[in-house]
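Here's a quick briefing to read alongside the model. Take it topic by topic, with the viewer open.

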Amino acid sequence: MSHSEENDTGDLVRALRQGDGTAFTKLVQRHQARIYNLAYNYVKDEEEAKDLTQDIFITVHRTLGSLRDEDKFSAWLYQLALNHCRNRYKRLQRRGFFRSRSLDDPDSPLHLTSGETPEGLLGQQDQDQLVRKAIASLSEAEKEVILLRDIEGMSYDEIGTILEIPLGTVKSKLNRARLALKERLEKILE
Amino acid sequence: MDCSRISSMFTADLDHELDQASRSAFDDHLGSCPACRRQRRLFRATVARVQSLEPLNPPLGILSGIQARLEQPAPADLFGRLAAYWRRLDFSVSLPTAVATVALAMVMAFLAKNEVFFQYQAAPEQAAAVSAAAAPGLERSRLPLHTTIPAAIGRRELASQSPFDTMPTHPPAIRVPVVQRPDVLMVLHAAPPELLSQLFRESAAFTAWRVDYPERELLLVELPSRDLAALREMLVPYPVAVSPVSALSPNYAAHKGRVRVAIRTRLP
């Protein structure tokens with residue numbers, strides 16, 4: 001997020017704290033697409049992602065008082081969003097929600113048998129779905145660092161702040177996560 | 001430089017963050033290693049593919065759904081407020097189930113703490129009967145468990161023979177005074193008859209343990225409390241009842257240092 005966007009967001013948060021009822025609507029409208037994408041890539045399900053996005057913004061509304069610095073709203077929002085995503089992911093996992101959705105699920109219409117290549121077989125959207133599916137199948141730590149860096153385009157400093165880990169750890173985790181993702185995507189990258 | 005070291009540098013390579021010496025070693029290795037060249041190409045393609053993902057459009061109704069949920073009146077009664085708080089915590093069990101579980105756990109903890117389920121100490125009249133029953137020839141294993149254990153332990157006071165006289169022919173561990181009252185009782189169900197003698201032999205590896213094997217069906221061990229987990233590990237394949245159940249806790253008797261354990265087998 002650019003500095004001017006961050007400043008605008010800070011102004012909206014200040015306005016909301018001063019009782020401006022429209023500020024919250026503007027905050028949601030500004031951030032909902034990013035938060036929805038983060039949630040979708042985390043759990044890989046539209047309904048769950050929509051519900052998660054709503055839960056996240058309701059928590060924002062109720063706990064905004066705990067935010068110390070309005071200009072750090074984005075980092076706070078992502079921390080809160082990732083906490084929600086982790087909890088929901090664990091709950092869904094306990095219920096067996098992902099059991100039939102693994103990348104190698106033979107019933108999946110996107111499954112590639114060995115020897116098949118994706119060119120001519122899958123369209124761009126299907127390939128995107130495969131990539132998202134591969135991301136969703138990573139471990140939580142791997143997934144989060146990939147989402148923040150390669151999807152959200154955040155700097156290493158921002159990621160370190162959100163995940164509360166040192167810069168060097170961010171880089172090493174990112175490298176490991178990308179290597180793990182590469183292993184899953186070799187079929188469609190070759 | 002080996003191939004795993006090279007793959008750990010792929011992100012730094014992509015970000016142009018390798019220093020001159022590392023860059024030189026990295027390039028030299030790639031020049032001579034086709035496998036690493038292929039891995040680097042796939043790595044870069046992976047990152048490019050992920051970064052090129054089109055953002056999804058969020059479905060309609062997110063904002064209106066949030067507003068509708070925020071406008072719901074807060075529940076007035078205590079249970080309603082608790083239920084709303086529970087829903088926000090996002091747990092997968094209902095509030096009544098959780099309350100019932102906690103209540104049940106508290107009752108079980110109370111009963112266990114007071115050893116309602118696990119008393120095995122003989123009452124005075126039973127002890128008298130057991131002392132009489134300790135005469136040679138009586139099959140004590142047919143007595144109820146809560147009387148046979150003190151009986152088996154108390155027998156040492158009556159018997160003139162050495163505690164090791166009835167042992168199988170394996171080398172004895174350190175000879176120790178007989179344990180009169182154990183802190184922990186473990187009863188093994190469906191264990192083979194030779195299990196205790198095997199356990200006796202294996203316990204020789206633990207130099208801090210003091211072991212007595214007075215009967216075919218009874219093993220007495222005095223050991224540091226931190227070793228309780230190791231003892232339980234040795235019994236893992238067999239169903240075992242432990243009394244008190246708090247002995248299953250990693251911190252059990254940590255303040256006492258040493259614990260006396262009686263292990264009893266019951267043949268099926």
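Cys33(B) is buried, at 12% relative accessible area. Keep in mind that this is a predicted model. From here we'll go through the cysteines, a serine, the aromatic pairs and a hairpin, all with chain B in view.

**The annotated stretch and its cysteines**
- UniProt, in an unreviewed entry, lists residues 3-37 of chain B as "domain: Putative zinc-finger".
- That stretch of chain B is 77% helix and 0% strand, and its end C-alpha atoms sit 10 Å apart.
- How many disulfides turn up over all chains? A search of the whole structure comes back with zero.
- Cys3(B) is in no disulfide, and its nearest cysteine sulfur belongs to Cys36(B), 3.5 Å away.
- Cys33(B) isn't in a disulfide either; its nearest cysteine sulfur is that of Cys36(B), at 3.6 Å.
- The cut-off explains both cases: a disulfide needs the sulfur atoms within 2.5 Å.

**Ser7(B)**
- You'll find Ser7(B) in helix H1 (residues 3-7) of chain B.
- Is Ser7(B) buried or exposed? Ser7(B) is buried, with 19% relative accessible area, and the cut-off for buried is under 20%.
- Its side chain reaches the backbone oxygen of Ser4(B) at 2.9 Å.
- Setting aside neighbours within four places in sequence, Ser7(B) touches chain A, being in contact with Asn175(A) and Leu179(A).

**Aromatic pairs**
- Over all chains, the search finds seven aromatic pairs.
- One of them is Phe10(B) with Phe26(B), an edge-to-face pair at 6.3 Å centre to centre and 85° between the planes.
- Phe10(B) is in helix H2 (residues 10-14) and Phe26(B) in helix H3 (residues 20-32) of chain B, so this pair ties together parts 16 residues apart in sequence.
- Both Phe10(B) and Phe26(B) are buried.
- Phe200(B) and Tyr213(B) make a tilted pair, because their planes are at 40°, with ring centres 5.5 Å apart.
- This pair links distant parts of the chain, with Phe200(B) in helix H10 (residues 195-202) and Tyr213(B) in strand S2 of chain B, 13 residues apart.
- Phe200(B) and Tyr213(B) are buried too.

**The S2–S3 hairpin**
- Strand S2 (residues 210-215) of chain B is largely enclosed by the rest of the structure, because five of its six residues are buried.
- S2(B) pairs antiparallel with strand S3 (residues 218-224) of chain B over four bridges.
- The hairpin between S2(B) and S3(B) runs through two residues.
- Across the pairing, Asp212(B) stands opposite Leu220(B) in S3(B).

Methods
Residues numbered from 1 in each chain as written. Chains lettered and ligands numbered in written order. Predicted model: local features only at pLDDT ≥ 70, side-chain atom pairs only at ≥ 80, totals over all residues. Heavy atoms only, no water. UniProt positions renumbered as here; feature names shortened; annotations may be inferred. Buried < 20%, exposed > 50% of the residue type's maximum accessible area, 1.4 Å probe, protein only. Polar contact = N/O pair within 3.5 Å; in protein donor to acceptor, adjacent residues only side chain to side chain. Contact = heavy atoms within 4.5 Å. Pairing = 2+ DSSP bridges. Phe/Tyr/Trp six-rings, centres within 6.5 Å; stacked < 30°, edge-to-face > 60°.
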